[in-house]
Amino acid sequence: MSSTADGKVPRLARADRRRLLDFSRPVLIAVVAVLAVMIVLPMGWLMVYAFADKEGHATFANFVTLFTDPSFVDPLFATLIISVSVAVICGLVAAPLGWLVARTDMPLARTVRTLVMASLVTPPFVGAIAWEMLAAPNSGLLNQLWRSLTGMPADEALIDIYTLEGLIFVIACYTFPYVFILVANALDRMPGELEDASSMLGARTWQTARRITVPLALPTLLAGALVAFLQALNLFGSPAILAIPAGFHTLTTKIWSLFQFPPKPELAAAAALPLLALTVVLLRAQAAMLGRRGYAVLGGKYGAPRLIRLGGLRLPAAALALLVLAMPLFLPYAALLNTAFSRVASQFIGPETFTLRNVVFTFWELSATMPALKNTFLLATSAATLGGLLALLIAYIVARRAIRGHRVLAFLATAPLAIPGIVLGVGLFLAYTRPPLTLYGTLWILLIAFITIQLPAAYQQLGSAFHAVHPELEEAGRMLGATRLRTLMDITGPLLGSAAIATWCFIFVGVIRELSAAVILFTSDTKVLSVLIFDLKESGEVGAIAVLSLVMIALTTLVVWAANRLGGGRDAVRLQLRVAG
Amino acid sequence: MTKKLTRRRVLAATAAVTAAGSFVTPVRGAPPEAQKITAELIAAAKKEGKVTWYTSVDLPLAEKVGKAFEAKFPGVGMKVERSGAERNFQRIGQEYASKIYICDVVNSSDAAHLIVWKRAGLLAPYLPEDVARHFPETQKDPDGMYASWRVTLCPIGYNTKLLKPEEAPKSYADLLDSKWLGKIVKAHPGYSGTIMTATQQLSRDLGWAWFEKLAKQKVMQVQSAAEPPKKVAQGERAVMADGTEYLDYELKARGEPIELVYASEGTPLITGPSAVMVRAPNPNAARLFYAWSMTAEAQQQLNVDLGALRSAHRQVKDRAGMRKFADIKTLREEANVVADEADEIKARYVKLFKV
């Protein structure tokens, strides 16, 4: 028997086929059931609540309120303005930076890439808190420096972070890495021949860039801008920290405020639906834009692109890159370090203000720290392991078309991408605070939320890894008599090793940063680190926040590094993009 | 024409009849017996091994109280769950509705919560000896369901590095002056019980018109009543319109540049009662902690000397360096009114301040 050219599994004898069908049908049903419980159930309840009033009668009243009450319409507009601005800024910043890193001989290119990864590990709400320490109009460290340098009076500020512009800036800081990675990866893979041809025909560097590189990269750039838009649309932590003191709500903070006592879940559900709808529409647009084009690995026929020589502009380019990276990384981390070891957050560390009191308080006095750390790591490892296995199973089934109905699985596995974190939190809350499955108050509901949120990205990563593993190897194993499971374990598994580790790390990091779903679903027994930090922020304990944030980031980095070492060598982690936070 | 018998009218009538006390609830039979802290209670508490305390007092102080309790009764671990009183209220409501029982002892800076919980049957009656003997009638529930664990005020404050004492505002009316535009920080009644209580008192005595004008002052809106003192000490804003008195004194004692002002119209009075929950998972540990926290020793050393709170316990003296309670003009506290009007107050506030 020879394998068919299009890679389909060879036809088996009827006895074997019966055996195949016997175990594959239950597996399909089991996986679909799991996905249904995780996704369809919460979204179903969300719809039910959105279209019902307090007594349970069907009504459109919630939507009428939503679109006529200014306390809802204003946040909607604010959210749209923020998202569009963030998308534009990220595009404008990430594109040149990506081009510099991928296409020129700028020094420190590798360092810049690593630093961009580091800013992905930083949760956006931690960044927002750090920027508060830097740019609060009166007590912010940057403003204090500026005043002492320029001699301006005490109530003048260089930057006021408690404004719409301030919020847009902070969100853009932690969203631009997504766009950067997309653009840099695309430019990495672009064939160099077209640019070579252009320069051979006499075009100068800038002309080539403008007329060849940019049009080729444009779809990717637009897709990246869409991702940035979606990120900004669905972010909860940063607006909660910066918008509310400034006196305005975004849609996500408004949804959350509807959960404060007395809770109005109908209005919260109704407010969540526009977010959901907009996200779905934009994702379809993104898919259409990338469509047939995109990242097909182009094989060995094309040569590596030739790096453009910057000449005298090498150092300024590197300086520019580092300046950009100062915004999400150097400045905020410096502020966190300062606050962690300073008596009062608004004072620079000096001999009289240096103190270890915050560290002592966080670890020896704050009774919520250890439980939160335990919960977080337990949930992160469980979600990474279980979610990774689920994603692996689904990716295998879809890539090998092992079961009829695999397209449904593929759809369900990527569906959560369209659900903003806080919307998922609301849906899960509505679904699981009622019998028979009252999971509210346990770690299980958080586990479900985290796995659901991270599943699409994990599935996409493993899916593309599967595409790189040719079925011939598995078919050889099958022909020699191994079952599917054995083949998966002995042949496919080891080949996927580094992709599996990368996926595990990605889920792990994503869970630790997750706030918008956790803030709706936690109880005092099931607090996680992100919620603890958010709680501390509401009572103004910035010292403890700084210590916890630094610990969170350090531990995350440690785990990722360890996992990569276990996986054997560095692998360029092609991070798929997911709306998180 | 018969008047409709609304809940509001009944309560108004009851309030008019009862003496000027904070706690107006229907008396159900005789109050329970006063209980001592016995060796059996301590042993039973140690067997249970832990107690969970929901409170809204400032976090470092709450943790210190917890550690002191653990030191006094080794073997009983204390878990502090600190958030704003309104948040805790929501959480307890949500937890009990989902049949999740975590909280053993609850303390709230919004006395109305205790009234609502008592009506809903969420509290267990328990009357420690100290409360029976040394607490005035207005500071405890006649049925023994709760008692004031702490008393504090909600004054105005300012940063002494940014303002001289003559320049500082002296009254709530002063805060409406345009020179304070963008210079005020204030906390939120949707999060903080202290601020909810203060908002009801100020809206009653100064009217909502005052809030309307304050909303135009580009106030920095924070959540917890513990935050304005910190923000003022940091220099982020020059003036706080509300905030907890005890934190002001605590920061002053640490050398931070903050000073209080007791407004000429009167300062809102905040009692923070505590109670044992009816479905406490550790009932003996709960009672032990509750009773111990009301003793003269605990109140004096922790609440007053360490925390700069004030106490309802008659044997406890005011902290040196703090203005004597009797010398301060306070506003009248009406927890029963807050119990009824909390939602309206919140809604009105959000409408004015937009968040």
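**Confidence**

I began with chain B of this predicted model. Its pLDDT averages 89, and 92% of the residues score at least 70. For the model as a whole I wrote down ipTM 0.82 and pTM 0.84.

**Where the chains meet**

Next I looked up the contact between the chains. I found 32 residues of chain A in contact with 41 residues of chain B. On the chain A side, α10 (237–246), α14 (357–365) and α22 (529–539) each supply at least two residues. Of the elements there, α22(A) gives the most, with 3 residues. I also sorted the chain A side by class. It has 13 nonpolar, 14 polar and 5 charged residues.

**Domains of chain B**

I turned to how chain B is divided. Domain 1 covers 34–152 + 270–324, and domain 2 covers 153–269 + 340–353. Their C-alpha centres lie 27 Å apart. The contact between them takes 18 residues from domain 1 of chain B and 22 residues from domain 2 of chain B. On the domain 1 side, α4 (85–97) and α5 (111–120) of chain B are the elements that give two or more residues. That side has 7 nonpolar, 7 polar and 4 charged residues.

**A sheet in chain B**

I traced an open sheet of 5 strands in chain B. The order is β10-β9-β11-β8-β12, with mixed pairing. Which strands stand at the edges? I found β10 (220–221) and β12 (258–261) of chain B there. Each has a single partner strand, so one side of each is left without a neighbour in the sheet. I followed β10(B) to its partner. Strand β9 (residues 184–186) of chain B runs parallel to β10(B), joined by 2 bridges. Within this part of the sheet, K186(B) stands opposite Q221(B) in β10(B).

**The nonpolar core**

Last, I looked up the largest nonpolar core, which has 283 residues. V86(A), V179(A), V183(A) and V426(A) touch the most other members. Helix α7 (residues 164–189) of chain A gives the most to this core, with 17 residues. Leaving out residues up to four places away in sequence, V426(A) touches L46(A), I255(A), A268(A), A269(A), A272(A) and I520(A).

Key:
Residues numbered from 1 in each chain as written. Chains lettered and ligands numbered in written order. Predicted model: local features only at pLDDT ≥ 70, side-chain atom pairs only at ≥ 80, totals over all residues. Contact = placed C-beta atoms within 7 Å. Helix = DSSP H or I, 4+ residues; strand = E, 2+ residues; numbered from the N terminus. Nonpolar A, V, L, I, M, F, W, Y, C, P; charged D, E, K, R; others polar. pLDDT = per-residue confidence, 0-100. Domains from an automatic or database assignment. Core = buried A, V, L, I, M, F, W, Y, C linked by C-beta atoms within 7 Å. Buried ≥ 20, exposed ≤ 12 C-beta atoms within 10 Å, placed from the backbone. Pairing = 2+ DSSP bridges.
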